[in-house]
Amino acid sequence: MSNQRHAKISSKRTARGVALESAPSYDPLKHGPFTSATATEIVQRISAGEWTASQVLEAYIARAAQAQQKTNCLTEVFFEDALRQATQLDKEFAATQKVRGRLHGVPMTFKDQFEIAGHDASIGFTNWANQPCTDDAFLVSLCRAEGAIIIAKTNVPQTMFAFECSNPLWGRTLNPWNDKYTCGGSTGGEAALLAMDGSALGVGSDIGGSLRIPASYCGIYSLKPSVGRVSGHGAKGCRPGFEAIRVSYGPMARSIEDCDLFSRIAFGQLDPARRVTPVPYRPVELPKKLKFGYYFWDSLTRSSPATVRAIQETVNALRKSGHECVEFSTLLPHSAMEVFVGLVSSDGYKKMLSYLEGDPQEESLFLSTLGAKVPGFVRSLMCFVARTFLGDSVFPRFFSQARTKSVFEFCDFVDRRNKVEEAWYKEVWNKHEFDGILAPVQALPVIPHGACAYLSGLASATVLYNIIDSPVGVVPVTRVDASLDQLPPNFKPGETGGSTIFEKWVFQNGSGTVYNPQEMAGMPVGVQIVGRRWDDEKVLAMMRVVDEALGSRGFGPGRWESGDNGGV
């Protein structure tokens with residue numbers, strides 16, 4: 001069995017290598033103008049007759065191959081088929097002088113889970129390799145109908161339940177700005193590729209931060225829409241039937257205008273199963289003065305100085321632009337994280353882990369799945385030790401919920417989820433009448449490879465908005481600065497009510513300390529822009545307001561050159 005598994009891995013990686021051979025070498029002078037253009041601009045240039053789809057595609061194929069060499073971000077590669085599609089698009093345009101659609105000639109990539117006919121959707125499971133799909137996922141078909149050219153699919157973590165990006169079949173994806181750090185997950189390969197301009201537009205999914213965490217780690221833009229605005233038909237997963245927290249599908253891009261472009265195309269489009277809320281894109285007009293709520297940490301793990309600075313710089317820029325920003329606090333993130341852990345662990349992770357089928361479990365899943373694996377008395381003892389001897393009352397609240405549950409208990413947790421959502425609207429949205437909320441993406445700007453194994457709880461900052469199903473955009477704000485982002489000398493883990501265990505691991509763990517502004521210097525730091533459910537278009541508009549208020553700061557197409565992250 002082991003020999004068969006290794007043979008599959010070898011054959012898949014070899015096939016990928018062969019597919020990459022058709023890519024030309026990247027030439028900055030020749031290809032740079034194309035890879036420095038947004039998807040929106042690409043369509044405009046082709047429509048004006050200034051560029052051809054084939055010219056654009058050559059540039060992105062060359063850059064994607066370079067990104068693969070640098071970060072190991074690709075899984076299935078479709079370069080030869082893409083070249084044929086580009087030729088056909090050019091013939092159509094030459095004959096009609098019209099573009100096929102709103103994505104004419106745009107090189108696109110999809111997270112590996114999306115089915116594409118004739119190719120695998122293995123999501124890193126060796127046993128799912130060499131099982132080509134028979135149909136395209138709905139979003140793949142939709143984008144192709146609009147003229148998009150799909151050039152590849154991108155890597156994900158094993159089970160897609162981690163914010164690192166490694167699996168036994170395809171290996172580990174690196175952060176393009178610093179290979180000591182992860183690109184994030186689970187839409188990690190997509191974020192790494194986009195950060196290096198290897199794709200003009202990407203598509204991924206999010207059930208706990210999978211669109212937002214990689215976007216922040218890699219310095220790009222993303223949108224997690226309200227559940228149901230965008231179809232997931234034909235997107236594979238390893239928790240089929242789990243509906244307690246539904247997956248959101250959305251864009252990753254190098255500009256807000258490209259997130260908006262995708263949303264105009266995908267919102268409300270009914271798939272064959274009609275599981276989409278049939279509400280198409282609705283243009284919005286924002287008031288001249290917006291009211292934003294903001295907070296610096298989610299009350300679970302204190303945010304690093306770099307994360308705090310990203311929020312503060314955003315607040316300062318918005319205030320300077322005439323908007324109102326009000327700091328607020330709430331303990332509802334505690335309840336949201338309890339509910340999240342309680343729901344996702346309800347079957348003891350049996351369904352999710354059953355697909356490993358001989359693959360070794362990745363270390364990134366260690367803490368996430370530990371609670372459900374140990375006997376109840378061991379779990380209780382661990383919680384007792386954390387409270388009594390480590391002075392941590394936060395960690396036990398979540399770890400104690402990580403266990404197999406009866407149907408009765410499961411229904412109780414679903415009810416608790418609904419009550420958290422109702423409480424958030426009552427205590428936050430309705431009480432303060434915010435237009436939007438500015439929130440950290442995570443307590444840390446990025447984590448090194450392997451750290452998700454024991455820091456999976458840091459996802460609480462994004463998990464909150466999956467529990468209450470809010471549309472959320474991510475905008476890159478700044479980069480870690482070694483001189484500005486030092487930890488205060490009087491810092492003490494847990495003193496402000498957060499998890500003593502997590503804060504010690506993150507900030508004061510000797511040689512194992514995760515937060516290191518010297519080594520992280522130059523790494524991107526983003527913020528979440530949050531709206532009320534169904535206000536997806538307003539979130540996109542508020543992202544634009546934030547982006548314009550912050551001004552030019554080194555993010556967007558054409559910013560990655562040889563890994564120069566501007567480290568200080």
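**Figure 1. Phe110 and Phe114, an edge-to-face aromatic pair.** At 0% relative accessibility, Phe110 is classed as buried, a term that stands for under 20% relative accessible area, with exposed meaning over 50% and partly exposed what lies in between (1.4 Å probe, protein chains only). Phe114 likewise counts as buried, at 0% relative accessibility. The two rings are 5.4 Å apart centre to centre, with 70° between the planes; rings of Phe, Tyr and Trp (its six-membered ring) are taken to pair if their centres lie within 6.5 Å, and planes under 30 degrees apart count as stacked, over 60 as edge-to-face and the rest as tilted. The model is predicted, so that local features need pLDDT of at least 70 and side-chain atom pairs count only at pLDDT 80 or more, whereas totals for chains, interfaces and linings use all residues. Residues are numbered from 1 along each chain as its sequence is written, and side-chain values use heavy atoms, with hydrogens and water left out.

**Figure 2. Phe161 and Phe340, a stacked pair.** The ring centres of Phe161 and Phe340 lie 6.5 Å apart and their planes meet at 10°, so the pair is stacked. Phe161 belongs to the loop between strand 3 (149-154) and strand 4 (166-167), and Phe340 to helix 11 (residues 332-344), so that the pair links distant parts of the chain, 179 residues apart; helices (H or I, at least four residues) and strands (E, at least two) are DSSP runs numbered from the N terminus. Both Phe161 and Phe340 are buried.

**Figure 3. A cluster of aromatic rings.** Tyr295, Phe328, Trp424, Phe434 and Tyr465 are linked into a cluster by ring pairs. The count of aromatic pairs comes to 21.

**Figure 4. Arginines over aromatic rings.** Arg239 lies over the face of Phe242, at 4.6 Å from the ring centre. In a second case, the charged end of Arg479 sits over the ring of Trp177, 4.3 Å from its centre; the criterion is that NZ of Lys or CZ of Arg is within 6 Å of the ring centre and within 35 degrees of the ring normal.

**Figure 5. Cys73 and Cys183, two cysteines in no disulfide.** The count of disulfides, defined as pairs of cysteine sulfur atoms within 2.5 Å, is zero. For Cys73, the nearest cysteine sulfur is that of Cys183, 8.4 Å away, and Cys73 is buried at 0% relative accessibility. For Cys183, the nearest cysteine sulfur is that of Cys165, at 4.2 Å, and Cys183 is also buried at 0% relative accessibility.
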